[in-house]
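My notes follow in the order in which I looked.

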Amino acid sequence: MKNEEMALLFSEATPYIQKYHGKTLVIKYGGNAMVNEELKLAVMNDLVTLTLLGVRVVLVHGGGPAINQMLARVGKESRFVGGLRYTDAETMSIVQQVLAGQVNKDLVALLKGRGVGLCGLDGHTITCSRKTDVDLGYVGNVEKVDTTLIEHLLSDGFIPVIATVGMDENGIAYNINADTAAAAIAIALHAEKLVSMTDIAGLLYDKDDESTLIPEVEISEIAGYKENGVISGGMIPKIEGMADAIYEGVHEAVIIDGRVPHSVLLEMFSNRGSGTLFYRRGSR
């Protein structure tokens with residue numbers, strides 16, 4: 001990179017660095033960026049960079065592919081209802097083992113000593129109740145997020161890495177959709193921004209055609225997109241979480257393409273952000 005290009009890059013980034021310095025960023029991490037080892041390392045390096053620039057980073061992760069692999073290994077079929085994993089007792093045991101164990105610690109190991117792994121069971125960080133509007137087994141609704149542990153870690157310059165397993169008041173563990181949990185955590189932390197990294201370009205009019213990307217969605221438009229099928233399947237909890245976060249005071253919420261190298265830094269520190277931005281009219 002030429003000196004002029006480097007200077008232009010830093011000049012462009014400076015106002016964004018000032019904007020986000022000292023603010024809380026919640027990143028939901030999933031999709032292909034979690035599977036591709038090169039991309040995974042790049043994402044973790046970007047999060048360390050954000051921390052060094054004074055951004056308070058919280059990483060909330062899923063682990064669907066790893067859970068699917070383990071279920072297949074024990075001869076159990078993965079089943080989804082409305083974009084959410086059906087979680088019987090055996091599946092719940094595997095979810096807890098894979099998410100709070102293997103996946104969580106693999107991510108922590110890549111954060112160069114700055115990551116600390118948690119799940120919602122630790123410090124009773126995420127209190128759940130059983131989701132009852134549809135039979136999904138041990139799938140939880142988030143009732144409360146206790147931010148005590150998260151805030152302690154952020155204050156000491158660490159990146160909390162949170163696996164989305166929570167428990168009810170009786171200590172029963174539940175699987176929580178990672179998008180739903182990330183939104184609840186962002187709300188509880190009064191986060192500046194919620195970013196969902198996934199393996200598509202953003203919200204698409206036609207899910208098979210990335211040229212139909214919808215760059216911005218005002219949250220009152222979400223119901224219409226659901227009615228006409230633009231928002232369906234796994235996009236439903238993702239976008240409902242975005243809407244909840246915006247309604248509850250999170251200033252910005254965006255879906256970005258985790259397959260693009262350094263997509264987090266591009267979204268945070270440049271005007272070249274991609275994906276779909278969700279906003280509330282009058283709050284921009």
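Predicted model: local features only at pLDDT ≥ 70, side-chain atom pairs only at ≥ 80, totals over all residues.

Entry 1, pairing at S14. I looked up Glu216 and found that its bridge partner in S14 is Leu277. Glu216 falls in S12, which spans 216–218, and S12 pairs with S14 in the parallel sense over 3 bridges. I then turned to strand S13 (residues 252–257), which pairs with strand S14 (residues 276–279) in the antiparallel sense, also over 3 bridges. Leu277 turns up again here, as the bridge partner of Val254. For Ile255, the bridge partner in S14 is Thr276.

The mean pLDDT of the chain is 89, and 94% of its residues reach 70 or more. Confidence is lowest in H2, at a mean of 70, and highest in S8, at 98.

I traced the strand order as S5-S8-S2-S1-S11-S13-S14-S12, which makes an open sheet of 8 strands with mixed pairing. Which strands stand at the edges? They are S5 (115–119) and S12 (216–218); each has a single partner strand, so one side of each is left without a neighbour in the sheet. From one strand to the next, the twist averages 20 degrees. I also checked helix H6 (residues 148–155), which packs on the sheet and touches S2 (56–61), S5 and S8 (159–163). The direction of H6 makes about 135 degrees with that of S2.

Entry 4, the largest pocket. I read off about 910 Å³ of space for the largest pocket. Its lining has 39 residues, and those nearest the centre are Lys28, Gly83, Asn177, Asp179 and Gly234. Which element gives the largest share of this lining? H4 does, with 4 residues. By class, I listed 16 nonpolar, 17 polar and 6 charged residues in the pocket lining.

How many cavities of 30 Å³ or more does the structure hold? I found 2.

The largest cavity has a volume of about 40 Å³. Its lining consists of Lys28, Asp179, Ala182, Ala183, Leu194, Ser196, Lys238, Gly241 and Met242. H7, S11 (193–198) and H9 are the elements that give two or more residues to this lining. The classes divide into 4 nonpolar, 2 polar and 3 charged.

I listed its lining as Leu39, Ala42, Val43, Asp46, Met197, Gly258, Val260, Pro261, His262, Ser263 and Val264. Two or more residues come from each of helix H3 (37–52) and helix H10 (263–269). H3 gives the largest share, 4 residues. By class, this lining has 7 nonpolar, 3 polar and 1 charged residues.

Key. Residues numbered from 1 in each chain as written. Heavy atoms only, no water. 1 Å grid on protein atoms, 1.4 Å probe; cavity = no way out; pocket = protein on both sides within 12 Å on 5 of 7 lines; lining within 4 Å. Points joined across faces, edges and corners; volume = space filled by probe spheres on them. Nonpolar A, V, L, I, M, F, W, Y, C, P; charged D, E, K, R; others polar. Pairing = 2+ DSSP bridges. Axes fitted to C-alpha atoms, helices over the stretch in contact; angles between N-to-C directions. Contact = heavy atoms within 4.5 Å. pLDDT = per-residue confidence, 0-100.
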